[in-house]
Amino acid sequence: MEYLLQTKGLIKTFIDGSQETEVLKGIDLSIASGEFVAVTGASGTGKSTLLHQLGLLDDPTGGSVFIDGTNASDLSTVQRSEHRLRRFGFVFQDYALIPELTAWENIALPVLMRGASRSLAKNRAVRALKQLGMEDRATYRPSQLSGGESQRVSVARAIVHKPDILFADEPTANLDSERSRQIIDIFHDLHKSGQTIVMVTHEIEYAKEATRLIVLHDGRVQQDKKLRRRRSR
């Protein structure tokens, strides 16, 4: 079986002066298209580091990451950038919105970077906002949005180009329970439509709503199990 994402013996070590810290200690994972995978574990276990490796945001110290069976180390810098731009979508806990741009302009960036016209990019951005119930905030700047609204704009930007994989790093970390619930429900809707999702979270109640749960401990996979599908709301 060919997997969408794989890691084999993945190792990541950070060096600070003379001190070396091995964060990932030989991770073996296989993720199929259409899965909703939650990665959880205590702080410092390597959750975000693993996501950065899977999303080609950083290079491993050892081992390999495979995209559709191709070793990422065999890809050029341009090819890796193309994967991030065209095939991946990213949601970060700090939203990473550009303050000078409106909501729709932030969302349109991935489409514009792929060479689309401004009018086409705006149409797609507004459709993504509508999908998340945010069309009335299209011309708002980040400073005019609440935390929950900012995160939904971040999600819209991540999915506007219909990525193969949606990576979410602690997407509910800065939100209250109501806004967190909204984001998780959005992920359920996206997954139901066929979206592959890899979500890092320290909040076990949300992690258990994925279809697969991976628990990291001390840089290794402690648990990897399938979960029952969440019932429809």
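A: Helix H5 (residues 147–159) and helix H6 (residues 177–192) pack at an angle of about 20°, with their axes 9 Å apart; helices here are DSSP runs of at least four residues and strands are runs of at least two, numbered from the N terminus, while axes are lines fitted to C-alpha atoms, for helices over the stretch in contact, and angles run from 0 to 180 degrees between N-to-C directions. That angle makes H5 roughly parallel to H6, since angles under 35 degrees count as roughly parallel, over 145 as roughly antiparallel, 65 to 115 as roughly perpendicular and the rest as oblique. The model is predicted, so that local features need pLDDT of at least 70 and side-chain atom pairs count only at pLDDT 80 or more, whereas totals for chains, interfaces and linings use all residues. Residues are numbered from 1 along each chain as its sequence is written, and side-chain values use heavy atoms, with hydrogens and water left out.

H5 passes H6 in a right-handed crossing, a crossing being right-handed if the near helix is turned clockwise from the far one by less than a right angle, and left-handed if anticlockwise. On the H5 side, Gly-148, Gln-151, Arg-152, Val-155 and Ile-159 meet Arg-179, Gln-182, Ile-183, Ile-186, Phe-187 and Leu-190 of H6, where contact means heavy atoms within 4.5 Å. By class, six nonpolar, three polar and two charged residues form this contact of H5 with H6; Ala, Val, Leu, Ile, Met, Phe, Trp, Tyr, Cys and Pro count as nonpolar, Asp, Glu, Lys and Arg as charged, and the others, Gly among them, as polar.

H5 also has a partner in H3: the two pack at an angle of about 30°, with their axes 7 Å apart, which makes H3 roughly parallel to H5. Their crossing is right-handed, and the contact is made by Ala-103, Asn-106, Ile-107 and Pro-110 of H3 together with Val-153, Ala-156 and Arg-157 of H5. Five nonpolar residues, one polar and one charged make up this contact of H3 with H5.

H3 (residues 103–113) in turn packs with helix H4 (residues 118–131) at an angle of about 125°, with their axes 8 Å apart, and that makes H3 oblique to H4. The crossing of H3 and H4 is right-handed. Among the residues that meet here are Trp-104, Ile-107 and Val-111 in H3, and Ala-121, Ala-125 and Leu-129 in H4; the residues of this contact divide into nine nonpolar, no polar and four charged.

Several of these residues return in the largest nonpolar core, which has 40 residues, and those with the most contacts inside it are Ile-107, Val-153, Val-155, Leu-166, Phe-187, Leu-190 and Met-199. Such a core is a set of buried Ala, Val, Leu, Ile, Met, Phe, Trp, Tyr and Cys residues joined through side-chain atoms within 4.5 Å, and buried means under 20% relative accessible area, exposed over 50%, and partly exposed in between (1.4 Å probe, protein chains only). Leaving aside its neighbours within four places in sequence, Val-153 is in contact with Leu-97, Ala-103, Ile-107, Leu-129, Met-134 and Leu-145. A second, separate core of 25 residues includes Leu-5, Leu-29, Ile-67 and Phe-167.
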